[in-house]
Amino acid sequence: MRQTVVELLERNAEHASEFESRFDDVQDSQEPDVVTVCCSDSRVLQDAMWGNADPGRVFTCGNIGNRVVQRTDDGEAVSGDVLYPVAHTGTETVVVVGHTGCGAVTATYDDLTEGLDEPAGIEHCIGLLAPRLEAGVEALPDDLSRPEAVNRLVEYNVDRQVEFLLESNEILDDVDVVGVVYDFQDVYSDRRGEVQVVNVDGETDVESLRVDHPEIESRIRRLWEY
Ligand SMILES: [Zn+2]
């Protein structure tokens with residue numbers, strides 16, 4: 001057995017003793033306040049970013065590139081992972097969480113600019129992102145470095161995922177859909193781990209967002225208003 005697993009189990013034992021009584025209210029059911037769709041990147045701490053250690057509060061979905069789209073026999077649909085809590089547990093807030101330096105967005109950028117050779121499973125994921133990022137890649141300003149381009153596409157990708165949810169018939173109008181970017185690379189500010197709100201229900205104009213949502217005004221920031 002690799003030491004990794006031994007260490008995981010040691011930490012899990014600590015978790016179990018710490019959480020012994022915290023499941024009392026949610027042992028048989030859940031009504032999470034929010035469903036988050038994060039990139040699976042190991043640096044994106046899906047619960048810890050919200051200071052969450054309450055079981056039953058945050059329904060967490062993770063995949064590379066924080067995608068909300070699934071391909072089905074009937075065409076593209078809202079991913080079941082995202083839809084489940086909205087359809088079945090009364091969850092009325094969806095937060096799409098992109099992050100600075102995203103590898104999946106970088107791979108999609110490479111795919112669209114140079115082509116990419118990846119195993120089928122990874123290509124499938126990139127294939128779900130690429131059609132949504134194509135226009136974004138074309139609209140990028142010319143004078144950007146590669147990391148700067150990727151971080152703008154991270155916002156663009158969050159916007160497209162939010163858009164897909166808003167346009168779907170399965171996410172009803174009373175569900176709030178928010179797009180954010182998790183920054184651990186000092187791109188938006190020097191507060192590593194801080195989340196910036198880039199999209200609320202499809203609105204991406206920073207001034208409008210700040211007027212409409214004064215209570216979170218200081219947390220609304222974008223790199224790119226295309
Ligand atoms: Zn990522």
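This is a predicted model: local features need pLDDT of at least 70, side-chain atom pairs count only at pLDDT 80 or more; totals for chains, interfaces and linings use all residues.
## The largest pocket

Two or more lining residues come from each of strand 1 (34-39), strand 5 (93-99), strand 6 (176-183) and strand 7 (194-200), strands being DSSP runs of E with at least two residues.

The space in the largest pocket is about 370 Å³, a volume being the space filled by probe spheres set on the points.

## The second largest pocket

His 15, Phe 19, Phe 23, Asp 47, Asn 52, Ala 53 and Pro 55 line the second largest pocket, which has a volume of about 250 Å³.

## The chain as a whole

The protein chain has six helices and seven strands, where helices are DSSP runs of H or I with at least four residues, and from the N terminus on the order is α-β-β-β-β-α-β-α-α-α-β-β-α. Of its 226 residues, 43% count as buried, meaning under 20% relative accessible area with a 1.4 Å probe and protein chains only.

## Basis of the model

Residues are numbered from 1 along each chain as its sequence is written, and side-chain values use heavy atoms, with hydrogens and water left out. Local features need pLDDT of at least 70 and side-chain atom pairs count only at pLDDT 80 or more, whereas totals for chains, interfaces and linings use all residues.

How values were computed:
On a 1 Å grid over the protein atoms alone, a cavity is a set of points where a 1.4 Å probe fits but cannot get out, and a pocket is an open set with protein on both sides within 12 Å along at least five of seven lines; lining residues have an atom within 4 Å of a point. Buried means under 20% relative accessible area, exposed over 50%, partly exposed in between (1.4 Å probe, protein chains only).
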